[in-house]
Amino acid sequence: MSKQYETVIGLEVHVELATKTKIFCSCSTEFGGAPNTHTCPVCTGMPGSLPVLNKKVVEYAMAVGLATNCQITRHCKFDRKNYFYPDNPQNYQISQLYAPICRNGYVEIETESGSKKVGIHEIHMEEDAGKLIHDEWEDCSLVDYNRSGVPLIEIVSEPDMRSAEEVIAYLDKLRLIIQYLGASDCKLQEGSMRADVNLSVREVGAKEFGTRTEMKNLNSFKAIGRAIEGERARQIELLEEGKQVIQETRRWDDNKEASHAMRSKEDAQDYRYFPEPDLVPVDISEEWIEEVRSRQPELRTEKLIRYKEEFDIPEYDAEILTGSKQMADLFEAATALCGKPKKVSNWLMVETMRLLKENGQEPEDLKFSPEHLAKLVDLADAGSINSTVAKEVFEHIFYEDIDPEAYVEEKGLKTVNDEGALRETVERVIAANPQSVADYKGGKEKALGFLVGQTMKEMKGKANPGMVNQILKELL
Ligand SMILES: [Zn+2]
């Protein structure tokens, strides 16, 4: 019988923080500026320039640490990680090795097999590097330092995960916590959240860990899942052949669904770390921690419980609505305005999700205002527009954030509730469709539907369908 293997996975997650300015200078962190316009002597590593720590970075790191059950290091320090690379103008990165800001935390994840704690070894603050652009010219690479000095936190997990499912559950949990805190938008595709996967395999029951590799360049949950499967298979094959796994950094190529070696794995000592001499240690008082703690917003787990109690909506709705901060904010604001939680929820879960999917968008991309959604719910609820018209109006809200009241007025979409006008139309439809009338009287229920449809068509979709039904039955 062949051997059984267990996969052991730990993650290093880099998150770009949502500060307005960089970690050690006042340059803008805004994405997409012309190359090298958001730079200064500090973030381009000019001799003699001195870094000044951005307080907001420390507060975001503390907020993430508190939300992930970490201990906050009261006397935390920065260190220099030395290496040469053209996107790193100082030839070192300011990071934290010896006294990172947060340690010993955990998050709880849910998978098919139940809930589980994944340990967080540490969270440290550091600066991002610039960006090399290779592709556009044949004979040279250019460098853009706009990203140099953008604040990052690196969240290092314990090797507690055993499958791709657990890894994705962990990343999703982190993403939601950090988004709810407002510390980052955590978009994998845009690189504001990046995950490196440390993976090894060992025989089931073995006490020692196997040799691990580190995989980089994973920019979607799907790619992470495939990379884990691929690397597990590669390592098992080596072991089965009696070969050794080499400790190295590998790059995952999602198009080829294969990884290749980038460089042998370096140890901390290769970087000649030493205490950063240009920055004083950060002393974090108990009061400061409490201040940050008191500002923590309601996170997803608490929101889930509150939604079911306060709004009396099904668990399924609450799960979807709280699955993104943007969606939850929209839901709460629209519900506060119209007081109809289940109806607001229906618009978000059905039509909104459908349109997002159709456009390949995420809930974070939603642009419409809660005021307009609330007005639409009110219009539909009052019977001022029927459900077909409501869907049409909603599409315009989704794309253009129009005011539904003004739109309905302007396009003349109000439902006709005038019984006289409806009766007149129904009479005309009955006279024009003797065959359907006969069918209905002969017991064919479907014929009624046809007559309702004809009446709606005559009224250009604006009739109150309930009333049409009633009048038809009465007249037949
Ligand atoms: Zn700068």
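This is a predicted model: local features need pLDDT of at least 70, side-chain atom pairs count only at pLDDT 80 or more; totals for chains, interfaces and linings use all residues.
The domain assignment of the protein gives three entries, namely domain 1 (5-288), domain 2 (298-411) and domain 3 (419-475).

**Domain layout**
- Between domain 2 and domain 3, the C-alpha centres lie 33 Å apart.

**Zinc site**
- The zinc ion has as its protein donors the SG atoms of Cys25, Cys27, Cys40 and Cys43, lying 2.3 Å from the ion, and these donors follow the spacing C-x1-C-x12-C-x2-C along the chain.
- Cys25 and Cys40 form a pair that links distant parts of the chain, each being in the loop between β1 (5-16) and α1 (55-67), 15 residues apart.
- The site is tetrahedral, with angles of 100 to 115° among the 4 donor atoms.
- Cys25 counts as buried at 14% relative accessibility, whereas Cys40, at 21%, counts as partly exposed; the two fall into separate classes because buried means under 20%.

**Open sheet**
- Three strands make up an open sheet in the order β5-β4-β15, and their pairing is antiparallel.
- The edges of this sheet are taken by β5 (92-95) and β15 (274-275), each of which has a single partner strand, so that one side of each is left without a neighbour in the sheet.
- Strand β4 (residues 79-82) pairs with β15 in the antiparallel sense over 2 bridges, and Arg80 stands opposite Phe274 in β15.
- In general, the strands of a sheet pair through backbone hydrogen bonds, in either a parallel or an antiparallel manner.

**Helix α13 and its surroundings**
- Within helix α13 (residues 434-441), the residues Ser436, Val437 and Tyr440 are buried; seen down the axis of α13, its buried residues fall within an arc of 100°, so they line one face of the helix.
- An α-helix has 3.6 residues a turn, which means that residues three or four places apart point the same way.
- The cover over the buried residues of α13 includes α12, α14 (446-458) and α15 (465-475).
- Pro434, Gln435 and Lys441 are exposed on the other side of α13.

Terms used
Residues are numbered from 1 along each chain as its sequence is written. Side-chain values use heavy atoms; hydrogens and water are left out. Two strands pair if DSSP finds at least two bridges between them. Helices (H or I, at least four residues) and strands (E, at least two) are DSSP runs, numbered from the N terminus. Donors are N, O and S atoms within 2.8 Å of the metal (3.2 Å for Na, K and Ca); water is not among the atoms, so sites may look incomplete. Four donors count as tetrahedral if all angles lie between 85 and 135 degrees; four count as square planar and six as octahedral if opposite donors are over 155 degrees apart and all others between 65 and 115; anything else is irregular. Buried means under 20% relative accessible area, exposed over 50%, partly exposed in between (1.4 Å probe, protein chains only). Domain bounds come from an automatic or database domain assignment. The arc is that of the directions from the helix axis to the C-beta atoms. Contact means heavy atoms within 4.5 Å.
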